[in-house]
There are 2 protein chains.
Amino acid sequence: MTGFTNENKEPLINFIQSNLPVSTQILADIASHFELRSFTKNDYFLKEGKISNDYLFLEEGFMRAFTFDINGYEVTTYFYPKNRAVFEASSFFMRTISTENIQAVTDCKGYSITYDKLNMLFHSVPEFREFGRAMLVKEFVAFKQRTLSLINKSAEERYANLINSNKEIFQYAQLKHIASYLGITDTSLSRIRKEFSKKQ
Amino acid sequence: MTGFTNENKEPLINFIQSNLPVSTQILADIASHFELRSFTKNDYFLKEGKISNDYLFLEEGFMRAFTFDINGYEVTTYFYPKNRAVFEASSFFMRTISTENIQAVTDCKGYSITYDKLNMLFHSVPEFREFGRAMLVKEFVAFKQRTLSLINKSAEERYANLINSNKEIFQYAQLKHIASYLGITDTSLSRIRKEFSKKQ
DNA sequence: ATAAACACTTGCCAAATGGCAAGAAATAAA
DNA sequence: TTTATTTCTTGCCATTTGGCAAGTGTTTAT
């Protein structure tokens, strides 16, 4: 067990700053409204049927989002490595019921803020508003790119992309989860891995 | 050539009303801020590199969105049949440069409003604000479903889905555009069509 | 420590999709 | 109308991916 209960908001502040350069004063104020959260492996951060009501900065650990297809099979839709924001953008911003689950793959630690508090901050700290827009842009753009790559790349190319851009995924996630994320079966992924390692 | 220059906002008003039940008075006010637009076949409504600055209600005609993959091949990302809203949500709401083109597949007619005017309306007509949220929800949800279906359905299933939900597409769009939308080659689409027609 | 459950790999073969090129059909241009 | 251009289909074969089941290795529970 790591020291997940010690509160130190430096990483959170650095994260906000990297997205939005504002004064240290304001940063501290914003950060003060986030609260420490910790999750044990397999805990849920979001369950389908609920509204994604918390925006989480993930400082330590690894999470994944998944949903079910029409045949009842689990499909992984997203991976969240540490030092990232975790939330389901469409549900969070639109206040609609989420069709996705977000679950801790390892023990996790982070800082979260509710939708209402975040809006309060947008109101009281005008400089912070741009952060809200940036949050959504990031999610939307990432999502579009993912869709595009599903259309015009082979499974092996998608695998290569993933391993180059997100090595941590292979460190934490199960192959069957990575497989459904890539849109293939775990059998195929296993073979692609084998071929791929030969080529390198 | 149809009478595309005559202004009659009934269809626009009906469209808004179907998304947001408000008084006839308010509807008329809102509609008065939209202006008539017409496009000749192959005209662009949006070009990549620009910000999607107009929200268009498409009354007549058919449009499609496309972008290019890393190998320079065109990929159709969306079809817009008549009686729909046409805009690139992430660019429009986030004020970021669009990576997509939106082009008239046939001659088109519709009513458009700029981002600034729309925001003005959200401000001056509180009842209308919910419309903005609905706009985004619709786009985001549609997008997620499309991505999911790319992961867990076969090309033939995606084809069946499309023909059941959007018959007009097959009336207007070229097969190669439908093919890239479905994530397959035009050759494969041609074969799937053949097989599919046998089964029906 | 042992058993049970789970995760991953692999062989065999089937099914889905792609690549290329030729021909047929539809559309646009002259 | 005739010709040219573009779109769509199809045959042949290669490649990619999937389905199933057995086998191996790893983790978890008792």
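Modeller: Start with how the copies are related. This is a predicted model. Chain B can be laid on chain A with an RMSD of 0.1 Å, by a turn of 179° and a shift of 0.0 Å along the axis.

Colleague: How many residues does the contact take from chain B and from chain A?

Modeller: The contact takes 20 residues from chain B and 20 residues from chain A. Another way to describe an interface is by area: its size is often given as the accessible area lost when the parts come together.

Colleague: Which elements give two or more residues to the side of chain B that touches chain A?

Modeller: They are α3 (89-94) and α5 (129-152) of chain B. The largest share, 13 residues, comes from α5(B). Sorted by class, the side of chain B that touches chain A has 11 nonpolar, five polar and four charged residues.

Colleague: Why can one say that the copies meet through the same surface?

Modeller: Compare the two lists of interface residues. 100% of the interface residues of chain B are also interface residues in chain A, so the copies meet through the same surface.

Colleague: Now a pair of helices. At what angle do the axes of α1 and α2 of chain B cross?

Modeller: Helix α1 (residues 10-19) and helix α2 (residues 24-32) of chain B have axes that come within 10 Å and cross at roughly 120°. An angle of 65 to 115 degrees would count as roughly perpendicular and one over 145 as roughly antiparallel; α1(B) and α2(B) are therefore oblique to each other. Their crossing is right-handed.

Colleague: Which residues meet there?

Modeller: From α1(B) come L12(B), I13(B), I16(B) and Q17(B), and they meet L27(B), I30(B) and A31(B) in α2(B). The residues of this contact divide into six nonpolar, one polar and no charged.

Colleague: Leaving aside neighbours within four places in sequence, what is Y115(B) in contact with?

Modeller: Y115(B) is in contact with N53(B) and F92(B). Y115(B) and F92(B) are 23 residues apart in sequence, and their C-alpha atoms are 7.2 Å apart in space.

Notes. Residues are numbered from 1 along each chain as its sequence is written. Chains are lettered from A and ligands numbered from 1 in the order in which they are written. This is a predicted model: local features need pLDDT of at least 70, side-chain atom pairs count only at pLDDT 80 or more; totals for chains, interfaces and linings use all residues. Axes are lines fitted to C-alpha atoms, for helices over the stretch in contact, and angles run from 0 to 180 degrees between N-to-C directions. Helices (H or I, at least four residues) and strands (E, at least two) are DSSP runs, numbered from the N terminus. Angles under 35 degrees count as roughly parallel, over 145 as roughly antiparallel, 65 to 115 as roughly perpendicular and the rest as oblique. A crossing is left-handed if the near helix is turned anticlockwise from the far one by less than a right angle, and right-handed if clockwise. Two residues are in contact if their C-beta atoms, placed from the backbone, lie within 7 Å. Ala, Val, Leu, Ile, Met, Phe, Trp, Tyr, Cys and Pro count as nonpolar, Asp, Glu, Lys and Arg as charged, and the others, Gly among them, as polar. Copies are superposed by least squares on the C-alpha atoms of residues with pLDDT of at least 70 in both.
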